[in-house]
Amino acid sequence: METFVFSTTFPYPVEEVYGWHERPGAMRRLTPPWEPVRIVTEAPALTEGSRAVMELAVPGPLRPRWVARHTGYQPPHEFIDVQEHGPFRSWTHRHRFFEVPLGTELVDEISYDLPLAAFAAPFVDVRLYRMFRYRHRQLAGDLALHHRLNGPRLAVSVTGGDPAVAETLKALLTTGGHRLVTHGDASVDLTTGKVTVGDRTARVSYPAGGLVRPRVPLLASGDRLVNWISLDDLAGVFLFALLADIRGDIDAVSPNPLPRKDFTAHLPAAYTPDRIATPPAGVVFRHPDLDTALRHLFGRK
């Protein structure tokens, strides 16, 4: 049996850090974009016996499933995932939360076994380190965002738009304690960018061609400045529009536009705007520059 441990201290109460993990969308928020898995079913709770199901993207026509069962539910200090079916001989993920002077220490401890473990373990540990570095960065960014935008919990309908943007925003909303509904007291139309809360309306514009995500590299040239934004920051701007007293048009763009050649390799297509937009005042970006965005997106240091 091999063991891997990764820990981080977050400057928030243990109830807040643990509570984030209990909400719908946590699994989606923590799954790195490079991992060849698709979430089929999130566990409805962390309580004893609840299950999460993932589908593994492997070569060939079959899509094997990884089923994890929750156990050891001890809020707000611990819960455990145990593999019932999957690629490992055994896999146990113990999530532990400790109250410390600076907030909460989260300790992720993985115990696993697999064929030829003595040879494979170093490679698995490298992959796990990359994954959990991403997970803890993601959690830190989400907790900071929800802490800053600590407004009323809303019932929000989210419609239209790019599926990746929709799924990211939905998971960000639910892990922040908001509810997804068909008709509620707030709505987001991702096709038009319209955000409505009661009688207040805002419209979020973002560079669809400047949305940073993994893609096959493209060649590009030119020094003309273009707007861009990371997927997480875009979802954060929509959340800002929902919870802040924002009316009228706002631009969801990074505060640092770049020459087209510097980032087109990471975009689905070349994009040159008619104007260079300015981000809304009051938004704190987790990825204000391209290097930070790409290091997180691709799991780099």
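Helices (H or I, at least four residues) and strands (E, at least two) are DSSP runs, numbered from the N terminus. By this assignment the protein has 7 helices and 17 strands. The model is predicted: local features need pLDDT of at least 70, side-chain atom pairs count only at pLDDT 80 or more, and totals for chains, interfaces and linings use all residues. Residues are numbered from 1 along each chain as its sequence is written, and side-chain values use heavy atoms, with hydrogens and water left out.

Of the 301 residues in the protein, 49% are buried (under 20% relative accessible area, with exposed over 50% and partly exposed in between; 1.4 Å probe, protein chains only). The accessible surface comes to about 14400 Å² (Shrake-Rupley method, 1.4 Å probe; for residues, only the protein chains shown count as cover). Carbon and sulfur atoms hold 56% of that surface. Contacts (heavy atoms within 4.5 Å) were also examined by sequence separation. Among those between residues at least 6 apart, 65% join residues at least 24 apart.

In soluble globular proteins, nonpolar side chains tend to be buried together. A nonpolar core is defined as a set of buried Ala, Val, Leu, Ile, Met, Phe, Trp, Tyr and Cys residues joined through side-chain atoms within 4.5 Å. The largest such core has 33 residues, and Val188 and Leu242 touch the most other members. Two or more residues each come from strand E8 (155–159), helix H4 (163–175), strand E10 (186–189), strand E11 (194–197), strand E12 (200–205) and helix H5 (231–243). H5 gives the largest share of this core, 9 residues. Beyond four places in sequence, valine 188 touches Val156, Ser157, Val158, Thr159, Leu169, Lys194, Val195, Phe238 and Leu242. Another core lies apart from this one; its 17 residues include Phe4, Phe6, Tyr112 and Val124.

Grid points are joined across faces, edges and corners, and a volume is the space filled by probe spheres set on the points.

The largest pocket has a volume of about 920 Å³. Its lining comprises 38 residues; Met54, Trp66, Trp91, Met131 and Arg135 lie nearest the centre. By class, 26 are nonpolar, 5 polar and 7 charged (Ala, Val, Leu, Ile, Met, Phe, Trp, Tyr, Cys and Pro count as nonpolar, Asp, Glu, Lys and Arg as charged, and the others, Gly among them, as polar). Elements supplying at least two lining residues include helix H1 (14–22), strand E3 (51–56) and helix H3 (117–148). H3 provides the largest share, 6 residues.

The search of the whole structure finds 1 cavity of 30 Å³ or more. The largest cavity has a volume of about 40 Å³. His21, Leu30, His95, Leu106, Asp108, Arg135, His136 and Leu139 line this cavity. Strand E7 (103–113) and H3 each give two or more of these residues, and H3 gives the largest share, 3 residues.

Threonine 71 lies in strand E4 (residues 65–74). Threonine 71 counts as buried because its relative accessibility is 18%. Beyond four places in sequence, threonine 71 touches Glu48, Phe79, Ile80 and Val82. A cis peptide bond joins proline 75 and proline 76, with omega about -5°. Proline 76 lies in the loop between E4 and E5.

Methods:
1 Å grid on protein atoms, 1.4 Å probe; cavity = no way out; pocket = protein on both sides within 12 Å on 5 of 7 lines; lining within 4 Å.
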